Amino acid sequence: MMLVRYLSQIGRYFLMWKDIFRKPTKWKVMKGLLIKEIDDLIIGSLGIVAFISFFVGGVVAIQTALNLTNPLIPKTLIGFATRQSVLLEFAPTFISIVMAGKMGSFITSSIGTMRVTEQIDALEVMGVNAVNYLVFPKLMALLLYPFVIGIAMFLGMLGGWMAGVYGGFTSSENFIAGLQNEFVPFHIAYAFIKTFLFALLLATIPSFHGFYMKGGALEVGKASTVAFVWTSVTIILVNYIITQLLLT
Amino acid sequence: MIEIKNIEKSFGENKVLKGISSVFETGKTNLIIGQSGSGKTVLLKTLLGIHTPDAGTIEFDGRNYTTFSRDEKSALRTEIGMVFQGSALFDSMTVAQNVAFPLKMFTNNSRSEINDRVDFVLKRVNLIDAHHKLPSEISGGMQKRVAIARAIVNKPQYLFCDEPNSGLDPNTSTLIDNLIKEITEEYNITTVINTHDMNSVMEIGDNILFLKNGVKAWQGNKDEMFTTENEAVVEFVYSSNLFKKVREAYLKDLK
């Protein structure tokens, strides 16, 4: 019974994808919605992303330095390890999990509240494609999400450099040499391909849980939690699949 | 005119509407009344296309809505105005933006034309200084008036109201009733109101459809409601002492 319910939810999620592009909202109206979503979802996330990236980058550098007890291992490894962890996993995946909480709960609760207060019914009764009106601008705004992750990558490495150098764990030359050591340009492509996929999930899974929720204020809270769990689980699974496909 | 024939609707095992037929006339305030759980909200949502009927037909001026495709339904909905029970105003928009919304979505009017129309309808519902306020900054009665303004701004052919008086004080309630009636007659539109407010029924009930357990139990106008001997109506409407006395006085006058 539970399996049937999950399968039906998954089917409904993919049907929602179809509705996102059906009967588009007038560009004149959509333009305003798009700007608002970019402000809420992208610009509004920069502060927390910058803070987390900078300090986690610093922690990665310190942890690596503290574990380098063998004098034969070069100090450049600190920069190398920071780059690899930040670029491959920390910035795209870890930040996306954090964003599943931050952006995801915002999206689910705002759409869910519209459902509870009949605002979505009002849109539908007027003849507006509510899925397109509410979800499409979020999806488009999150096409700028790789830009956020690019900033997270830069600040993570900067945090690592500052913690390494000013913490007395390595020299600036060693850290920068480590950052440049055995650099594989494809890793950037890999990181941004998965970031793009995570952006699609971040926009649509919380929207789905908000749009199709039933009940009152309490259920809005529950829907936000469920959306966070499912977005995180899906991000982890997609991360595994993409890594298996692109890096092995 | 909206004509429904043998409308049936079930949710699982629960049969909510059991073959309801009726006509909602143009230029008149058509009321759907009944106890909680009698099926009036389901009937209203079925008329609006939020629920699809299991059987029966719904004709909007001869156009059978039940056979329409999704896009045809969307097109017809631009001819419909709806006032929701909780007003359903978009809380991120100001009063003026809420009212302008249908015009921005469905017309190619210029900004000044839209502003003129918004000013006109807000004035029509007696809201003059509320343009830049958010829905959270105005009272429940004002929210209802904004909802009515938004519903009529695009000159609809059909106006639906779900419990337009719920949560309002008696004065505001009467104002809203009278406003809906005036608008219905002035623009000659088909208005369907879902209510269990007996004051509204007695004030503006041109055509009243009484539902009981998903079945049409009675239909008539407010004057006929005073004189009917239908048991279901008498039990529902005249259960309060006030309305019992009003009825007795009305019947005494007739004699």
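In this predicted model, a salt bridge links the side chains of Asp19(A) and Arg70(B), at 3.1 Å from N to O; the term covers a side-chain nitrogen of Lys or Arg within 4 Å of a carboxyl oxygen of Asp or Glu. The rule picks up two such bridges across the interface of chain A and chain B. Local features need pLDDT of at least 70 and side-chain atom pairs count only at pLDDT 80 or more, while totals for chains, interfaces and linings use all residues. Residues are numbered from 1 along each chain as its sequence is written, chains are lettered from A in the order in which they are written, and side-chain values use heavy atoms, with hydrogens and water left out.

Glu118(A), Val125(A) and Met126(A) supply 33% of what chain A buries against chain B, more than any other three residues.

Over in chain B, six strands make an open, mixed sheet in the order β6-β7-β8-β3-β9-β10. Strands are DSSP runs of E, at least two residues long, numbered from the N terminus, and two of them pair if DSSP finds at least two bridges between them. β6 (80-83) and β10 (215-220) of chain B sit at the edges with a single partner strand each, so one side of each has no neighbour in the sheet. Further in, β7 (residues 158-162) and β8 (residues 190-194) of chain B run parallel, joined by five bridges, and Tyr158(B) stands opposite Thr190(B) in β8(B).

Note on methods
Buried area is the accessible area (1.4 Å probe) that two parts lose on being put together, summed over both. Helices (H or I, at least four residues) and strands (E, at least two) are DSSP runs, numbered from the N terminus.
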